[in-house]
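Please look at the sequence and the structure first.

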Amino acid sequence: MSHDEPERYRAGQTALLATVEEAEPLVGHWRRRFDSSASAGIPAHVTVLFPFLDIDRISTAVIGDLRTLIGARSPFTVRFDECRRFPEVLYLAPAPDQPFRALTESIARRWPEAPPYGGQFTEVIPHLTVAHGQQPRALEELEAALAVQLPTTATISTVSLFVSDGENWRRHMEFPMLG
């Protein structure tokens, strides 16, 4: 979600996120300082699909389809052992990233009107944002501090639907992986 600045969040906007609680002790304090989505209520996560359908379009049929698509997946373990960058973004790269890619592709295929990141990027690269909108020097210092604390491992077993009220995000619903 970090590709968007907070002023671009709209009330009713939604996101499907794989939260990564295990990474919170490592990145939580950095994210609160350097990732505006953290102060808006978003925990450490790998984005599955943002933006998703506006909340007024989340019907029982949509919920049922999400339960089916996500429920067909098996929980998986992911390891974050290196930092990488996009322009002005420092992130932890998940390995493997294929389960995230498969989730994003299956949901985007079902709802082609909700392409990942609004269709801004030709390739969606799964990532856990630690900082964005910072100068290269700040990212270098943060990367050096984080590198000595890696790796961290997490089990991904749910995808959460988050909803924005225009300023803050809250977890609206959780979809377990049951496959």
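## Buried residues, cores and a cavity

Thr19 belongs to strand 1 (residues 11–19); strands here are DSSP runs of E with at least two residues, helices are runs of H or I with at least four residues, and both are numbered from the N terminus. The model is predicted, with local features needing pLDDT of at least 70 and side-chain atom pairs counting only at pLDDT 80 or more, while totals for chains, interfaces and linings use all residues. Residues are numbered from 1 along each chain as its sequence is written, and side-chain values use heavy atoms, with hydrogens and water left out.

Thr19 is buried, with a relative accessible area of 10%; buried means under 20%, exposed over 50% and partly exposed in between, for a 1.4 Å probe and protein chains only. Not counting residues up to four places away in sequence, Thr19 touches Pro43, Ala44, His45, Ile156, Ser160, Phe162 and Arg171, where contact means heavy atoms within 4.5 Å. From C-alpha to C-alpha, Thr19 and Phe76 are 13 Å apart in space and 57 residues apart in sequence.

Strand 1 also holds Thr14, which counts as buried at 0% relative accessibility. The side chain of Thr14 reaches the backbone oxygen of Leu53 at 2.5 Å. This is a polar contact, that is, a pair of N or O atoms within 3.5 Å; within protein, one must be able to donate a hydrogen and the other to accept it, and residues adjacent in sequence count only if both atoms are side-chain atoms. Beyond its neighbours within four places in sequence, Thr14 has contacts that include Phe50, Phe52, Leu161 and Trp169.

Thr47 is in strand 2, and its side chain forms a polar contact of 3.4 Å with that of His45. Gly71 is found in helix 3 (residues 60–71).

| Residue | Relative accessible area |
|---|---|
| Thr14 | 0% |
| Thr19 | 10% |
| Thr47 | 8% |
| Gly71 | 12% |

In helix 1 (residues 24–34), the buried residues are Leu26, Val27, Gly28, Trp30, Arg31 and Phe34. They pack against helix 2 (36–39), strand 2 (45–49), strand 4 (89–95), strand 5 (128–132), helix 5 (136–147) and strand 6 (152–156).

The largest nonpolar core has 44 residues, of which Phe52, Leu92, Ile107, Leu128 and Leu146 touch the most other members. Such a core is a set of buried Ala, Val, Leu, Ile, Met, Phe, Trp, Tyr and Cys residues joined through side-chain atoms within 4.5 Å. Apart from this core lies another of 9 residues, among them Tyr9, Ala15, Ile42 and Phe162.

There is 1 cavity of 30 Å³ or more. A cavity is a set of points, on a 1 Å grid over the protein atoms alone, where a 1.4 Å probe fits but cannot get out; lining residues have an atom within 4 Å of a point. Points are joined across faces, edges and corners, and the volume is the space filled by probe spheres set on them. The largest cavity holds about 30 Å³ of space and is lined by Val46, Thr47, Tyr117, Val124, Ile125, Pro126 and His127.

Note on methods: On a 1 Å grid over the protein atoms alone, a cavity is a set of points where a 1.4 Å probe fits but cannot get out, and a pocket is an open set with protein on both sides within 12 Å along at least five of seven lines; lining residues have an atom within 4 Å of a point.
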